[in-house]
Amino acid sequence: MNLLLIAAGGCLGAIARFIISSRLNIKSQTGFPAGTLTVNLAGSFLLGWMTGEGVSESFYSMFGIGFMGAFTTFSTFKLENIQLREKENKPVLIKYLLFSYGGGLLLAFIGLVIGMNEL
């Protein structure tokens, strides 16, 4: 049953990432990958919240592993970093790295705190 929940969540997460990333990346005139940043930051927050909340195993399988696993993307993040470096777009690359790593850690922590009802 867990495999079905993970598969269903993964299907929905991949579709959601495609829609959000496609729409937000088109609007960026500077080459800043806003779509990937948005999905990765949202995923960081939501995984933190799920962990703090202590959601059920089946909920975590579907949304934590399945949906978030397909929704967030480390490989696209790394590819975009390489592309920004190759284009010598250093200011955008530095902002992207800072927002991704710093924002991801911060939002995961905030999600955890909110999930634990300690805020």
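**Exercise 1. Decide whether M50 is buried or exposed, and list what it touches.**

Step 1. M50 has a relative accessibility of 4%, so it counts as buried; buried means under 20% relative accessible area, exposed over 50%, and partly exposed in between, with a 1.4 Å probe and protein chains only. The model is predicted: local features need pLDDT of at least 70, side-chain atom pairs count only at pLDDT 80 or more, and totals for chains, interfaces and linings use all residues. Residues are numbered from 1 along each chain as its sequence is written, and side-chain values use heavy atoms, with hydrogens and water left out.

Step 2. M50 sits in helix α2. Helices (H or I, at least four residues) are DSSP runs, numbered from the N terminus.

Step 3. Apart from residues up to four places away in sequence, M50 touches V55, F59, Y60, F63, G64 and M68. Contact means heavy atoms within 4.5 Å.

**Exercise 2. Describe where S61 lies and what its side chain contacts.**

Step 1. S61 belongs to helix α3, and it is buried at a relative accessible area of 3%.

Step 2. Other buried residues of α3 (residues 57-71) include M62, G64, G66, F67, M68, A70 and F71. The cover over the buried residues of α3 includes α1 (2-26) and α2.

Step 3. A polar contact of 3.2 Å joins the side chains of S61 and N2. Such a contact is a pair of N or O atoms within 3.5 Å; within protein, one must be able to donate a hydrogen and the other to accept it, and residues adjacent in sequence count only if both atoms are side-chain atoms.

Step 4. Not counting residues up to four places away in sequence, S61 touches N2, L5, I6 and G66.

**Exercise 3. Characterise the lining of the largest pocket.**

Step 1. On a 1 Å grid over the protein atoms alone, a pocket is an open set of points where a 1.4 Å probe fits, with protein on both sides within 12 Å along at least five of seven lines; lining residues have an atom within 4 Å of a point.

Step 2. The largest pocket has a volume of about 240 Å³, where volume is the space filled by probe spheres set on the points.

Step 3. Its lining has 13 residues, and N40, S44, F74, S100 and G104 lie nearest the centre.

Step 4. α2, α4 (74-86) and α5 (90-115) each supply at least two residues of the lining, with α2 giving the most, five residues.

Step 5. By class, six lining residues are nonpolar, seven polar and none charged. Here Ala, Val, Leu, Ile, Met, Phe, Trp, Tyr, Cys and Pro count as nonpolar, Asp, Glu, Lys and Arg as charged, and the others, Gly among them, as polar.
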